[in-house]
Amino acid sequence: QVQLVESGGGVVQAGGSLRLSCAASGIDYGLYVMSWYRQTPGNQRDLVARISSSSTNYADSVKDRFTISRDNAKNTVYLQMNSLKPEDTAVYYCKAEHLVSRRYTYWGQGTQVTVSS
């Protein structure tokens with residue numbers, strides 16, 4: 001059974017930091033591209049950052065503030081979020097997508113991040 005379990009969300013003041021974690025089980029972790037998405041009520045789920053074995057990509061809105069990393073030994077992906085802004089408030093989701101087949105795509109349950117002004 002595949003599981004992606006996010007943690008690390010919470011409430012923080014503007015300018016503060018949070019680190020999200022997503023622990024994966026039930027997959028061959030090294031064969032997956034890992035991503036973080038976020039979603040606010042009434043809106044689509046948007047890509048925040050993505051990491052493969054060789055590269056990282058970021059949404060323009062989070063460049064230079066957020067850093068995605070992965071620990072293949074722990075089957076875990078992280079999102080370090082610095083200089084948080086109220087507009088970063090959202091539910092953050094972890095996604096695992098197989099390198100070869102998008103058929104094997106999995107989502108976590110989401111973790112709430114709230115940034116107060």
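The protein contains zero helices and eleven strands, where helices (H or I, at least four residues) and strands (E, at least two) are DSSP runs numbered from the N terminus. The model is predicted, so local features need pLDDT of at least 70 and side-chain atom pairs count only at pLDDT 80 or more, while totals for chains, interfaces and linings use all residues. Residues are numbered from 1 along each chain as its sequence is written, and side-chain values use heavy atoms, with hydrogens and water left out.

**Overall dimensions**

Along the sequence the pattern reads β-β-β-β-β-β-β-β-β-β-β. Taken along the principal axes, the C-alpha atoms fill a box of roughly 40 × 30 × 25 Å.

Of the 117 residues, 41% count as buried. Here buried means under 20% relative accessible area, exposed over 50%, and partly exposed in between (1.4 Å probe, protein chains only). The accessible surface comes to about 6300 Å², and 44% of this belongs to carbon and sulfur atoms; areas come from the Shrake-Rupley method with a 1.4 Å probe, and for residues only the protein chains shown count as cover. Among contacts (heavy atoms within 4.5 Å) between residues at least 6 apart in sequence, 55% join residues at least 24 apart.

**Charges and salt bridges**

There are 12 positive and 9 negative side chains, and the centres of the two sets lie 3 Å apart. Lys and Arg count as positive and Asp and Glu as negative; His and the chain ends are not counted. Each charge is placed at NZ of Lys, CZ of Arg, CG of Asp or CD of Glu.

Side chains of opposite charge can pair when their charged atoms come close. With a salt bridge defined as a side-chain nitrogen of Lys or Arg within 4 Å of a carboxyl oxygen of Asp or Glu, the count comes to five. The table includes three of them.

| Acidic residue | Basic residue | N to O distance |
| Asp 88 | Arg 38 | 2.9 Å |
| Asp 88 | Arg 65 | 2.8 Å |
| Asp 60 | Lys 63 | 3.2 Å |

Arg 38, Arg 65 and Asp 88 are linked in a network of salt bridges. Asp 88 lies in the loop between strand 8 (76-81) and strand 9 (90-98), and Arg 38 is in strand 4 (residues 32-39), 50 residues apart. Arg 65, in the loop between strand 6 (56-58) and strand 7 (66-71), is 23 residues from Asp 88. Both Asp 88 and Arg 38 are buried; the relative accessibility of Asp 88 is 0%, and Arg 65 is also buried, at 10%. In the remaining tabulated pair, Asp 60 is exposed at 66%, whereas Lys 63 is partly exposed at 43%.

**Loop residues**

Most residues other than glycine have a negative phi. Asn 75, although not a glycine, has a positive phi of about 55°. Asn 75 sits in the loop between strand 7 and strand 8 and is partly exposed at 23%. Ser 83 likewise has a positive phi, about 50°; Ser 83 lies in the loop between strand 8 and strand 9 and is partly exposed at 41%.

Ser 53 belongs to the loop between strand 5 (46-51) and strand 6, and is exposed at 74% relative accessibility. Ser 53 and Gly 30 are 23 residues apart in sequence, with their C-alpha atoms 7.7 Å apart in space.
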